[in-house]
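Hi,

Here is the structure I promised to pass on. Please open it and keep it beside this email as you read.

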Amino acid sequence: MSPERMLRNRLTELAVDQLLGELSAEDAAEYRGLRERFPDFDDAALEQSVAALQLAGDAPLEPLPERLRVRVATDATAWFASQWRAADPPAADPVAPPVAADWVRYGGWFAAAACLVLALTVWLQRPSPPAARIAALPEPPAAGVAAEPARTGSPSGPAPLPAATPARTTDAETAPDEADPEAARAQLLASRRPVVHRAWRAGGDPTGLQVSGDVIWDPRTQTGYMRFVGLPRNDPNVAQYQLWIFDGTRDDRFPVDGGVFNISGVRDGEVVAIHARLRVAVPLMFAVTIERPGGVVVSDRSRIAALANTT
Amino acid sequence: MTQASHDNPLEQPGDLPLLPDVAAGDRAAVNRCIRRYGPLVWSMARRLSPTPEDAEDAVQEIFINIWRYAARFDTTRGSEKVFVAVLARRTLIDRLRGMKSRLAVETPLDPGADAEGPPTLRAERDAEVEQARQILGQLPLPQQRVIALSLVHGLSHGEIAARLAMPLGTVKTLLRRGIQRVQGQVIEEDKL
């Protein structure tokens with residue numbers, strides 16, 4: 001056997017290992033090296049052959065359980081609706097085709113998904129415990145959070161709370177490559193990858209009455225950024241903001257923790273990186289709550305500062 | 001195609017592909033797709049997931065990937081069922097890598113035992129799978145067993161080696177050659 005053939009066979013063997021989830025850390029380096037040496041190597045064809053062989057094995061098929069089928073169908077409703085919204089054409093473009101066709105195509109998805117989000121919203125804003133209702137009254141400023149948005153340099157802005165600490169952006173787990181979330185956000189938007197891009201609105205707590213800005217989320221890389229305008233700075237020693245992401249594939253009682261963060265109030269438009277603790281397949285809604293320092297595992301949702309629906 | 005056939009998860013060969021309509025957001029096509037490929041995806045997830053709960057999560061993730069990549073399906077490059085199986089396998093392997101654990105398969109470990117099992121649903125046949133099936137049938141029995149244990153039943157190379165009392169290297173070689181045969185790469189290594 002020629003050395004060339006031996007190397008190609010070795011590459012195939014490693015590619016098979018990789019496809020079957022058996023590639024060891026040591027072999028991974030060799031695999032990468034051989035892939036560079038043989039750029040014509042067809043991974044996709046190999047993967048297709050593996051799948052065909054697997055199907056040829058005629059393994060017995062079990063019917064999909066009905067309750068799981070319903071969940072998959074519900075996911076589909078949410079996913080297609082979010083795609084329709086993500087693909088909204090710019091309204092100001094005079095040469096853009098009318099959106100009526102998209103309405104016809106996706107209108108049903110949107111209507112069905114709207115029902116899901118309505119249910120989530122109602123559930124989020126369910127009657128709060130007494131303490132939460134008191135906290136929701138507009139008079140007392142939220143503990144640890146300025147009652148009005150802080151704007152440095154604004155002569156009419158409220159005086160900052162004495163203990164407020166100018167916070168950079170997120171919690172201590174900020175990844176090194178996210179040290180500049182503003183630049184990372186701009187880069188993601190410029191990448192033209194399909195992202196979920198939605199506007200913040202007030203969530204019911206007086207803290208967020210003037211909130212605006214947006215949230216972007218890249219489902220492929222599971223990264224995202226929040227930009228806040230009008231969200232008051234907080235004293236991290238008293239309270240912190242926490243993001244929750246409602247995933248259409250998960251039980252809505254257990255939204256994905258998107259990370260604890262602070263708002264410095266240094267300027268409006270502060271950008272905060274999202275740190276989702278779990279994979280988010282179908283982001284239906286983003287919610288920012290006010291929690292004790294360090295955040296909570298399960299929020300009582302008594303203080304919702306901001307919401308962003310994706311449908 | 002009749003509505004009745006749409007509701008039958010065992011649609012017949014020659015059925016029109018659904019994914020182009022799925023990519024266009026056709027709700028009826030999406031529902032037919034779930035019915036057509038649900039059993040395949042669920043069965044694969046059951047074999048390659050550590051727990052039934054994880055299998056359910058995997059099925060949901062796989063179908064999201066099917067919706068996401070439906071537009072990439074090209075009828076000239078292979079069958080729809082294989083496309084779905086590729087996406088399902090890729091998702092399941094990614095999840096396994098993430099868990100860093102190997103599952104204990106819940107199906108019978110002996111490929112031959114399948115024939116004695118209940119008359120459950122069987123994967124429908126299409127040209128691409130039929131070709132693979134023919135090639136598989138021409139392979140020596142030990143190689144068929146290795147391929148079945150790995151690709152159909154989800155055993156690791158090490159588990160197969162232990163089960164068949166076969167060196168690990170031999171398991172890998174038999175797998176590789178079998179896959180290459182399906183790819184159409186004629187292996188005549190002994191003559192080279």
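Below are notes on one strand and on one pair of helices. Keep in mind that this is a predicted model.

**The strand**

Start with strand S6 of chain A, residues 240-247. Is it buried or exposed? Here, 8 of its 8 residues are buried, so S6(A) is largely enclosed by the rest of the structure. Buried means under 20% relative accessible area.

Which strands pair with S6(A)? One is S9(A), residues 283-291, which pairs in the antiparallel sense over 8 bridges. Another is S7(A), residues 256-261, also antiparallel, over 5 bridges. Find Leu243(A) to see both pairings. Its bridge partner in S9(A) is Val288(A). In S7(A), Leu243(A) stands opposite Gly259(A).

**The helices**

Next, go to where chain A meets chain B through two helices. These are H3(A), residues 43-56, and H7(B), residues 141-152. Two packed helices are described by the angle and the distance between their axes. Here the axes come within 9 Å and cross at roughly 105°. An angle of 65 to 115 degrees counts as roughly perpendicular. H3(A) and H7(B) are therefore roughly perpendicular to each other.

Which residues meet? From H3(A) come Val50(A), Leu53(A) and Gln54(A). From H7(B) come Ile147(B), Leu151(B) and Val152(B). The residues of this contact divide into 5 nonpolar, 1 polar and no charged.

Best wishes

Methods. Residues numbered from 1 in each chain as written. Chains lettered and ligands numbered in written order. Predicted model: local features only at pLDDT ≥ 70, side-chain atom pairs only at ≥ 80, totals over all residues. Heavy atoms only, no water. Buried < 20%, exposed > 50% of the residue type's maximum accessible area, 1.4 Å probe, protein only. Helix = DSSP H or I, 4+ residues; strand = E, 2+ residues; numbered from the N terminus. Pairing = 2+ DSSP bridges. Axes fitted to C-alpha atoms, helices over the stretch in contact; angles between N-to-C directions. Parallel < 35°, antiparallel > 145°, perpendicular 65-115°, else oblique. Contact = heavy atoms within 4.5 Å. Nonpolar A, V, L, I, M, F, W, Y, C, P; charged D, E, K, R; others polar.
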